[in-house]
Amino acid sequence: MGGHAALRARGGADPRRCGRRRRGLRGHPVTTGQQHADALAAAPADGRYDRVVRLAQAIFGAPIAALNLLGEHEQHTVAAVGTPRASSPVSESICRFTIEQDDVVEIADLRADERFRQYPIVAGPPRVRFYAGVPLHAASGAKVGVLCILDLVPRDLGPTQREMLADLGAMLERELSVQEEMARAGEVQRLLLPSEPPALEGLEVAGRVLQAREAGGDFFDWQVQPGEGGDELRLLLADVMGKGLAASLIASEVRAVLRTHARYVGVAEAVRRSAETTARDLDSNGRFVTLWAGRVDPRTGDVEYVDAGHGLGVIASPRGVRRLTQDQLPLGMPVDTTWTSAHDVLAEDELLVVVSDGVFDVFGSVEAALDGVERLLEPPMSCADVVDRIVAYAAARGTSDDVTAVVVRRTGSAPGAGATRQEEEQV
């Protein structure tokens with residue numbers, strides 16, 4: 001077989017699978033698939049596709065096997081054996097022809113086909129000759145990529161081999177669907193995080209989550225609630241054991257429950273009620289939640305907090321760092337427990353800093369973490385800059401966990417703040 005007739009869509013795949021693919025494509029323009037592909041390529045897959053690609057290489061005895069996602073401008077090789085994981089122009093992609101088909105595409109000799117003989121991988125190293133690929137679809141039905149195998153010599157696949165390649169493609173489609181669902185869950189989780197600082201005069205606040213995967217167990221929250229002397233800040237940072245979709249669902253539940261209870265009761269009672277409300281779900285999923293929940297009065301600087309097994313809240317200033325921690329259990333532990341609150345005072349030259357395990361892990365010990373936080377606060381910066389610096393520091397050192405940081409500073413502009421300080425001086 002030679003010339004351009006060598007490119008053909010061959011049978012052999014399960015007719016039910018092929019029919020499903022054709023129906024799934026109706027109503028989905030090519031640009032939809034390209035946008036899906038770019039999004040999937042940008043999301044960390046944690047080796048989700050590697051097993052199937054390695055299996056394809058072993059089954060067919062080909063030196064090269066790859067999963068290529070075809071974006072709007074680039075082809076992204078996200079899993080491969082025998083070739084680098086990289087991006088290249090779609091215009092140089094053989095897979096762009098395959099993605100227009102519904103079934104397995106086979107090209108016995110690329111050098112004999114006038115459309116491909118000048119392609120870089122054909123005319124230059126590794127000088128491939130044989131190509132076979134199967135188009136892949138996202139959960140929406142949009143075409144997003146191709147599983148392909150390449151050889152350095154011409155060859156033909158038999159009907160059984162084409163069927164096996166189609167089956168491997170179906171396996172990867174399932175993995176792509178999982179990846180897409182994870183990305184969607186992560187986006188929903190991010191939408192539940194605060195989008196802007198709270199409108200509370202007298203406090204500067206910033207927070208950020210950097211997830212290790214598409215979705216994770218870290219989250220933070222803040223809300224303005226009435227207090228005895230005026231509006232106060234309710235603050236929360238929590239970490240659900242584990243990562244992924246299950247942890248993100250539990251995190252969303254705990255956040256919603258705590259936010260609801262915090263509207264009506266004090267900090268400790270809100271934690272107790274939330275633990276009671278979520279106990280069944282935490283137990284059935286084998287999860288627990290560490291959290292730091294607090295209340296900050298912008299006029300007096302009073303900080304009331306509950307530390308439920310978290311241990312990563314501090315008040316930092318040029319004078320040093322002191323921890324805001326208690327010896328109390330996380331939510332979801334299979335023992336009866338109670339939670340009480342403790343108090344401290346945030347001066348106007350101090351920062352309240354609460355971080356997650358992802359930050360702590362890069363230091364290795366409490367002492368090193370405290371020293372590290374103190375160094376990260378120099379020179380004086382805005383709360384947003386401090387948060388960005390903490391997150392970037394942990395990420396640059398390869399933490400494998402979610403990284404979250406929340407920072408609060410008093411600005412001294414709260415109504416009544418000056419009078420409160422004067423009264424304290426008189427006392």
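Helices (H or I, at least four residues) and strands (E, at least two) are DSSP runs, numbered from the N terminus. The views show a predicted model, in which local features need pLDDT of at least 70, side-chain atom pairs count only at pLDDT 80 or more, and totals for chains, interfaces and linings use all residues. Residues are numbered from 1 along each chain as its sequence is written, and side-chain values use heavy atoms, with hydrogens and water left out.

**View 1. Helix 3 and the glycine that follows it.**
Helix 3 spans residues 50-60. Its buried residues are Asp50, Val52, Val53, Ala56 and Phe60. Buried means under 20% relative accessible area, exposed over 50%, and partly exposed in between (1.4 Å probe, protein chains only).

Helix 11 has 14 residues, 383-396. From first C-alpha to last, helix 11 reaches 20 Å, close to the 20 Å expected at 1.5 Å a residue. The expected span is 1.5 Å times one less than the number of residues in the helix. Cys383, Val386, Val387, Ile390, Val391 and Ala394 are buried in helix 11. They cover an arc of only 125 degrees around the axis, which puts them on the same side of helix 11. The arc is that of the directions from the helix axis to the C-beta atoms. An α-helix has 3.6 residues a turn, so residues three or four places apart point the same way. Just after helix 11, Gly398 has a positive phi of about 75 degrees.

The buried residues of helix 11 pack against strand 8 (203-210), strand 16 (351-355), helix 9 (357-360), helix 10 (366-376) and strand 17 (403-410). Ile390 is found in helix 11. Ile390 has a relative accessible area of 2%, so it counts as buried. Contact means heavy atoms within 4.5 Å. Not counting residues up to four places away in sequence, Ile390 touches Val353, Val355, Val359, Leu376 and Ala405. Ile390 and Leu376 are 14 residues apart in sequence. Their C-alpha atoms are 6.8 Å apart in space.

**View 2. The nonpolar cores.**
A nonpolar core is a set of buried Ala, Val, Leu, Ile, Met, Phe, Trp, Tyr and Cys residues joined through side-chain atoms within 4.5 Å. The largest holds 43 residues. Among these, Leu291, Leu331 and Leu352 touch the most other members. Strand 10 (residues 231-240) gives the most to this core, with six residues. Beyond its neighbours within four places in sequence, Leu291 is in contact with Leu236, Leu237, Ala238, Leu258, Val271, Val306, Asp307, Ala308, His310 and Leu331. A second, separate core has 28 residues, including Tyr49, Ala56, Val78 and Ala132.

**View 3. An aromatic cluster of Phe97, Phe116 and Tyr119.**
Rings of Phe, Tyr and Trp (its six-membered ring) pair if their centres lie within 6.5 Å; planes under 30 degrees apart count as stacked, over 60 as edge-to-face and the rest as tilted. The whole structure has four aromatic pairs. In one of them, the ring centres of Phe97 and Phe116 are 5.1 Å apart and the planes stand at 85 degrees, so the pair is edge-to-face. This pair links distant parts of the chain, 19 residues apart. Phe97 is in helix 4 (residues 95-98), and Phe116 is in the loop between strand 5 (104-107) and helix 5. Phe116 also forms an edge-to-face pair with Tyr119, at 5.5 Å centre to centre and 80 degrees between the planes. Phe97 is buried. Phe116 is buried at 0% relative accessibility, and Tyr119 is buried with a relative accessible area of 10%.

**View 4. The loop between helix 5 and strand 6.**
Pro126 lies in this loop, between helix 5 (120-123) and strand 6 (130-137). The peptide bond from Pro125 to Pro126 is cis, with omega near 5 degrees. Arg127 lies in the loop too. Arg127 is not a glycine, yet has a positive phi of about 60 degrees. Its relative accessibility is 43%, so Arg127 counts as partly exposed.

**View 5. Arg155 over the face of Phe130.**
Arg155 lies 5.3 Å from the ring centre of Phe130. A charge sits over a ring if NZ of Lys or CZ of Arg is within 6 Å of the ring centre and within 35 degrees of the ring normal.

**View 6. Asp283 and Gly332.**
Asp283 is found in helix 8 (residues 267-284). At 59% relative accessibility, Asp283 counts as exposed. Asp283 and Gly332 are 49 residues apart along the chain, and their C-alpha atoms are separated by 6.3 Å.
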